[in-house]
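Please consider the sequence and model shown below.

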Amino acid sequence: MIRSTAAEMAAKLVAGEVTSVALTQAHLDRIASVDADVHAFLYVDTEGAIAQAAAIDAKRAKGEKLSPLAGVPLALKDVMAQKGIPTTCGSKILEGWRPPYDSTVVANLKKNDIVILGKTNMDEFAMGSSTENSAYGPTHNPWDLTRIPGGSGGGSSAALAAFEAPLAIGTDTGGSIRQPAAVTGTVGVKPTYGGVSRFGLVAFSSSLDQAGPCARTVLDAALLHEAIAGHDPKDSTSINAPVPQVVVAARAGDVKGMKIGVVKELNGDGYQAGVRARFEESLELLAKAGAEIVEVSAPNFEYALAAYYLIAPSECSSNLARFDAMRYGLRVGDIEGASAESVMNLTREVGFGKEVKRRIILGTYALSSGYYDAYYGSAQKVRTLITQDFTNAFAKADVLVSPTCPTTAFKIGEKANDPLAMYLNDIATIPVNMAGIGGMSLPSGLADEDGLPVGFQIMSPVMKDERMYSVGAALEAALLSKWGAPLLDKAPIMGGAK
Amino acid sequence: MSSLSRDDVAKLAGLARIEMSEEELVALSNEFTVILDAVARVQEVAGADVEATSHPLPLRNVFRADVVVPSLTPEEALSGAPAQEEQRFRVPQILGEE
């Protein structure tokens with residue numbers, strides 16, 4: 001049962017073949033049996049999930065009209081505030097904090113009767129590409145427990161790949177939904193910026209952060225996308241327009257006549273041979289499905305990584321100033337006569353991990369008087385150039401594509417002491433965030449040299465998210481008929497073959 | 001080549017309100033030499049003729065109706081407070097004695 005897609009689970013719930021309580025319990029059992037090895041979850045809300053599931057079963061029994069995913073369980077990234085449930089962002093500074101309110105994403109999940117199983121592990125405040133920066137220990141990739149599950153949303157991606165949940169919520173600031181999806185053989189979507197409310201999403205870099213759906217199939221991601229998206233008056237950057245028709249697009253999976261632009265700069269040197277091979281193969285399948293493949297160039301993308309590592313730290317140095325030990329979270333050194341400043345200094349020393357401190361200091365520097373124009377100001381100009389590159393490319397193609405990441409999952413610890421090598425993971429995902437457009441990663445197969453999953457990235461223009469679902473569903477169908485079974489069937493079986 | 005000395009990092013850490021050990025200051029100063037070289041590349045293409053983008057959406061003055069809606073109760077707002085007194089956040093001394 002736990003290996004079904006979310007859409008299949010929903011159909012069984014509607015048909016009365018299974019109850020939400022039974023389905024939820026099956027996933028809680030699965031978590032109990034494998035999560036000691038995977039460590040996808042920071043908190044499992046056993047009672048809350050079962051109570052929510054029972055309430056949904058009762059509504060269904062009464063014949064109430066329910067939403068498409070009603071009764072299906074989900075794993076929530078620990079960066080999303082959920083009322084009364086511990087929300088740590090993978091940081092010691094928020095240990096024990098229980099938000100007094102729901103984020104809009106959580107409110108939407110509850111409104112759609114999607115059962116929240118618990119909170120998933122992540123790099124502290126979403127800063128990282130491996131989930132090794134969590135203050136609560138790393139998450140392990142179900143394909144190979146010695147490897148990273150991606151980051152920052154490695155808990156969500158690993159939960160999907162280990163069949164601990166059929167759906168998950170991620171957030172993507174520079175690739176934190178797409179890169180974990182790529183390295184775990186799952187699907188992850190970063191919607192258009194402003195497509196999903198940021199209210200209650202603990203801010204890292206406000207102009208880049210975007211929540212989105214994670215799943216094992218493109219259709220499941222689309223169903224979840226529709227459940228969480230839409231205008232929210234509580235987020236002034238939320239787009240006041242109808243949600244793109246992503247479910248319709250995912251069901252049709254039609255690419256006939258679509259122009260697919262291959263971004264010349266997001267391939268080649270630095271990309272693993274197996275990653276390139278799977279990418280080329282996917283292009284052939286899309287061409288066979290009726291799409292026209294064209295090449296496009298985005299000459300300024302090579303500066304995206306540098307600009308990102310100025311803009312994101314700058315915004316984070318400002319956003320994380322709120323963790324001041326005064327109103328919530330950790331407080332250290334509050335002894336008789338201690339000043340507020342010394343309490344802040346000591347609390348932030350103990351409460352923040354290495355990468356968070358590194359970025360706060362870098363951002364403080366980039367924004368400081370005398371350096372502002374050279375660093376933050378220049379990075380903002382690069383952002384304009386990247387957006388122009390996208391505009392030019394989308395004049396020639398309906399969607400753009402590339403490998404999601406240059407490599408497959410690396411070993412835990414391999415890049416922990418080399419921040420620049422770690423940052424390079426996000427080279428193909430960052431441009432999307434800079435321009436605020438949509439991006440999806442779906443599995444395109446395994447690399448021959450290491451047998452690990454490879455991700456295929458699809459990028460669509462602002463509020464044209466349905467296009468990436470059309471292409472994703474078409475490619476997924478073509479790959480499935482080639483493989484004969486979902487890619488995750490090739491992953492090691494954990495916790496007994498069920 | 002850009003670099004940050006140990007003292008530069010100490011000053012930034014002070015501005016960012018983070019206490020740092022000598023070891024951390026030296027380690028960060030070494031790392032920043034490499035990181036700043038990498039990020040300084042933005043200057044290669046950031047000409048005077050290029051406009052800056054601070055945000056992906058061209059939004060201006062977003063308003064909503066001024067309607068009273070329920071807010072957190074004092075108990076809820078204080079629920080995560082490290083210390084509280086008389087329905088207020090209790091904080092360490094903010095102003096000097098003099």
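Which residue in strand 11 of chain A stands opposite A:Gly438? In this predicted model, the residue facing A:Gly438 is A:Ser460. The two strands concerned are strand 10 (residues 438-446) and strand 11 (residues 453-460) of chain A, which pair in the antiparallel sense over 8 bridges.

This pair belongs to an open sheet of 11 strands in chain A, arranged in the order 1-3-2-4-6-5-10-11-9-7-8. The pairing within the sheet is mixed. Strand 1 (41-44) and strand 8 (292-296) of chain A each have a single partner strand, so they stand at the edges and one side of each lacks a neighbour in the sheet. On average, and with direction ignored, neighbouring strands of this sheet are turned by 30° against each other.

Helix 16 (residues 465-483) of chain A lies across strand 7 (259-263), strand 9 (399-403), strand 10 and strand 11 of chain A. Its direction is at about 10° to strand 10 of chain A.

Attention may now turn to a pair of helices. Helix 2 (residues 20-38) and helix 3 (residues 46-61) of chain A have axes that come within 8 Å and cross at roughly 160°. Because angles over 145 degrees count as roughly antiparallel, helix 2 of chain A is roughly antiparallel to helix 3 of chain A. Their crossing is right-handed.

On the side of helix 2 of chain A, the contact involves A:Ser20, A:Val21, A:Thr24, A:Gln25 and A:Leu28. These meet residues of helix 3 of chain A, including A:Thr46, A:Ala49, A:Ile50 and A:Asp57. By class, the contact between helix 2 and helix 3 of chain A has 7 nonpolar, 4 polar and 1 charged residues.

Note on methods
Residues numbered from 1 in each chain as written. Chains lettered and ligands numbered in written order. Predicted model: local features only at pLDDT ≥ 70, side-chain atom pairs only at ≥ 80, totals over all residues. Pairing = 2+ DSSP bridges. Helix = DSSP H or I, 4+ residues; strand = E, 2+ residues; numbered from the N terminus. Axes fitted to C-alpha atoms, helices over the stretch in contact; angles between N-to-C directions. Contact = placed C-beta atoms within 7 Å. Parallel < 35°, antiparallel > 145°, perpendicular 65-115°, else oblique. Left-handed = near helix turned anticlockwise from the far one by under 90°. Nonpolar A, V, L, I, M, F, W, Y, C, P; charged D, E, K, R; others polar.
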